[in-house]
Amino acid sequence: MDKNKRKELLEDYKQIKTYMGVAQIKNNVNGKIYIDSYPNLKNKWFTLQMQLDMGRFANAQLQKDWKEFGADAFTYEVLEQKETDKVTDMKWELKQILKPWLEKLQPYGDKGYNKPPKD
């Protein structure tokens, strides 16, 4: 590939917008939800499904239910997304957009898979 073409492709790549945000995985059998924030939502559901299919998802209860009910029992939804181009502190931003969703949806205990916040 010549240098000009490579430079053009690199510039095109830099122009692709990426989005961070909050997503929900819902168990349609028992209604439980899992809420988390991610620095890049592109193809995130595919990645999460792979982790769950391989038995490597971080949340043990969600992993157990995935194995019991199967992939077809779950749906994925992006609840909020934000462009990442002007974000300077990704970790802080992710916490800020996740917090109101956790407060609103309360995905704890019988309602969800998240661990309750420590007081």
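## Aromatic pairs

F74 is buried, its relative accessibility being 5%. The model discussed here is predicted. Within it, 4 aromatic pairs are present. In one of them, the ring centres of Y34 and F57 are 5.4 Å apart with planes at 75°, so this pair is edge-to-face. Y34 belongs to strand β2 whereas F57 sits in the loop between α2 and α3, so the contact ties together parts of the chain 23 residues apart in sequence. Both partners lie under the 20% limit that defines a buried residue: Y34 has a relative accessibility of 11%, and F57 has 9%.

A further pair joins W66 and F74, whose ring centres are 5.0 Å apart; the planes meet at 35°, so the arrangement is tilted. W66 is buried, at a relative accessible area of 4%, and F74 is likewise buried, at 5%. These two rings also take part in a cluster, in which ring pairs link W45, W66, F74 and Y76.

## Salt bridges

Across the whole structure, 2 salt bridges are found. One connects the side chains of K82 and E93, with an N to O distance of 2.6 Å. This pair links distant parts of the chain, since K82 is in strand β3 (residues 74-83) and E93 in helix α4 (residues 90-105), 11 residues apart.

The side chains of K64 and E68 form another salt bridge, at 3.9 Å from N to O. The cut-off for such a contact is 4 Å. Both residues lie in helix α3 (residues 60-69); because they are 4 residues apart there, about one helical turn separates them. K64 is partly exposed, with 47% relative accessible area, and E68 is exposed, with 52%. The limit that divides these two classes is 50%.

## Positive phi angles

Two non-glycine residues deserve mention for their backbone angles: N43 and Q106. The phi of N43 is positive, near 60°. N43 is placed in the loop between β2 (33-38) and α2 (44-53), and its relative accessibility of 52% makes it exposed.

For Q106, phi is also positive, at about 45°. This residue is located in the segment after α4. Q106 is partly exposed, having a relative accessible area of 35%.

Terms used. Residues are numbered from 1 along each chain as its sequence is written. This is a predicted model: local features need pLDDT of at least 70, side-chain atom pairs count only at pLDDT 80 or more; totals for chains, interfaces and linings use all residues. Side-chain values use heavy atoms; hydrogens and water are left out. Helices (H or I, at least four residues) and strands (E, at least two) are DSSP runs, numbered from the N terminus. Buried means under 20% relative accessible area, exposed over 50%, partly exposed in between (1.4 Å probe, protein chains only). Rings of Phe, Tyr and Trp (its six-membered ring) pair if their centres lie within 6.5 Å; planes under 30 degrees apart count as stacked, over 60 as edge-to-face and the rest as tilted.
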